[in-house]
Amino acid sequence: MPGMLETASLLLLLVGAFFFFAGTVGLLRFPDVYSRLHALTKADNLGLGCILLGLAVQAESLGAALKLLLIWPLVLAASASVSFAIARRADALGIRPWRRQGD
Amino acid sequence: MISTIAGRGLLFALFWWVLAEGRLEGWGLGLVAIIAALAASLVLLPPRRSRFSSIGLLAFLGFFLLRSAQGGAQVAVLALRSGLVLRPTLLELPLTLPPGAPRTLMINALGLMPGTVAVRITDHRLQVHALDERMPIAAEARALERRIARLFGAPP
């Protein structure tokens, strides 16, 4: 049984790392500030959720597990509002979103 | 009023219990923190008449968890695909939610839904940056708005 929990935890951690990686690739590859915000906020949110869940599964007490899970909504609220603040500022500065040319 | 204070106090006490990982020796400091948090919450978000719906909360959380996971997975696929396949656009959507907590929640939740980030908000309009103009962004935003309206007990 502990073997199964450890496997589940390991899988969640790997999936979480994958989403952080994908979010970072998006941050580097996407063409403008607005689309980079999509990559960073959404992929990292999912990655963090998976990593916290993976760690909570291994936690020594219920309190410690809940503490790890509590981090998720707090970071979520912070990153979502920062993302809106950056988008609004970019818009106020007159930065036009990148558009696909030609078609 | 009394029930709001009791409910929030209980919530903050639960937070403290979680932060202390269930240990008991720090509860003196905990009590101070709980009272301070309660005072701050009453100043920043005064109790109001409108009925916050628990069923609405569960429905919203279920919707949010599912859609935000989809949003993360979708953007991960877009980032890792070979060749850039984005077709970003700006959309202007009508907004019927009242100012305050409902709108704040809408703006923040939109940034985690598939393909949308809120850019600008005016009286009754919301400008959204969409990652792909072929996605059903307007329907998505309306579904989210409806759930938030139900959560805050506002008429649909």
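Which residues of α2(B) are buried? The legends below answer this for a predicted model, in which local features need pLDDT of at least 70, side-chain atom pairs count only at pLDDT 80 or more, and totals for chains, interfaces and linings use all residues. Residues are numbered from 1 along each chain as its sequence is written, chains are lettered from A and ligands numbered from 1 in the order written, and side-chain values use heavy atoms, without hydrogens and water.

**View 1. The buried residues of helix α2 of chain B.** B:Gly30, B:Ile34, B:Leu38 and B:Ser41 are the buried residues of α2(B) (buried: under 20% relative accessible area; exposed: over 50%; partly exposed in between; 1.4 Å probe, protein chains only). They lie on the same side of α2(B), because they cover an arc of only 70 degrees around the axis (the arc of the directions from the helix axis to the C-beta atoms). Helices are DSSP runs of H or I with at least four residues, numbered from the N terminus. The buried residues pack against α1 of chain B, with contact meaning heavy atoms within 4.5 Å.

**View 2. The other side of α2(B).** Here B:Gly28, B:Leu29, B:Val32, B:Ile35, B:Val43 and B:Leu44 are exposed.

**View 3. Helix α1 of chain B.** Its buried residues are B:Arg8, B:Gly9, B:Phe12, B:Trp16 and B:Val18. Their cover includes α3 (62–92) of chain A and α2 (27–44) of chain B. Just after α1(B), B:Glu21 has a positive phi of about 55 degrees.

**View 4. B:Arg103 in helix α4 of chain B.** B:Arg103 sits in α4, residues 101–110. Its side chain reaches the backbone oxygen of B:Leu97 at 2.8 Å.

Technical notes. Helices (H or I, at least four residues) and strands (E, at least two) are DSSP runs, numbered from the N terminus. A polar contact is a pair of N or O atoms within 3.5 Å; within protein, one must be able to donate a hydrogen and the other to accept it, and residues adjacent in sequence count only if both atoms are side-chain atoms.
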